[in-house]
Amino acid sequence: MRWLTLYARSRQVPASLAVVVVSAVAMGALARDGGGGPGDPRPAVLVLAAGMMAASIGLSGQDLALDRTAAIRWVPRRAAHVLLAGAVVGTVLLTVQTMGDARATTAFVVRDSAGLMGLVALGAALWGGQYAWTLPFAWLSFAFFAPPPTSAPTQVATWMLLSPGTAAGTWTALVLAVAGTAAYAVAGPRR
């Protein structure tokens, strides 16, 4: 159990968890004040994206050379870290929603958590943990200002804002989750 505590501290999990909770509570309070209509997915997506970006810092350790020479298998630990981080961020949002009005369904939160965490993991594999947040931030920024999703390419571009039953949104999130988790688990964070 001691190794788990040391791992969590080295990956800055307590600080990331604090940011996830604070951002979810703050966005929940702002959304209750009338920020958007009852079916507006933007507040929920902002909470999930902020949580994933906060969790992204833990995708690289204090010393990459030390991580690479460790006598443990990193592939399952990296994959578990990514999946657990996505689950925790989604759970925090769903928990905060129980205290007020639920704006996002469980299916929406699960889909967006998986896709956004896959983007963060892919960003860590490509650019390292310190820049892993840039990929979901850029995609979210584009999705907010993209034209209405009438064609397949615009549905893929705005997957995180689509309703959970939309095939393009679900498949895009699934592909991002699998590709990002696999790339990060196998390659690890870039230096």
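**A tour of a helical model**

Select Thr 172 to begin: it is buried, with a relative accessible area of 10%. Buried means under 20% relative accessible area, exposed over 50%, and partly exposed in between (1.4 Å probe, protein chains only).

This is a predicted model, in which local features need pLDDT of at least 70 and side-chain atom pairs count only at pLDDT 80 or more, while totals for chains, interfaces and linings use all residues. Residues are numbered from 1 along each chain as its sequence is written, and side-chain values use heavy atoms, with hydrogens and water left out.

Stay with Thr 172. Which residues is Thr 172 in contact with, leaving aside neighbours within four places in sequence? Select Trp 139, Val 156 and Trp 159. Contact means heavy atoms within 4.5 Å.

Next, colour helix H9, residues 167–187, where Thr 172 sits. Helices are DSSP runs (H or I, at least four residues), as are strands (E, at least two), numbered from the N terminus.

Now show the whole protein. There are nine helices and zero strands. Of its 191 residues, 45% count as buried. Among contacts with a separation of 6 or more, 73% join residues 24 or more positions apart.

The protein exposes about 9,700 Å², and carbon and sulfur atoms supply 72% of that. These areas come from the Shrake-Rupley method with a 1.4 Å probe; for residues, only the protein chains shown count as cover.

Last stop: select Arg 111 and Asp 112. They form a salt bridge, with the closest N and O atoms 2.9 Å apart. The term means a side-chain nitrogen of Lys or Arg within 4 Å of a carboxyl oxygen of Asp or Glu. The structure holds one salt bridge. Both Asp 112 and Arg 111 are buried.
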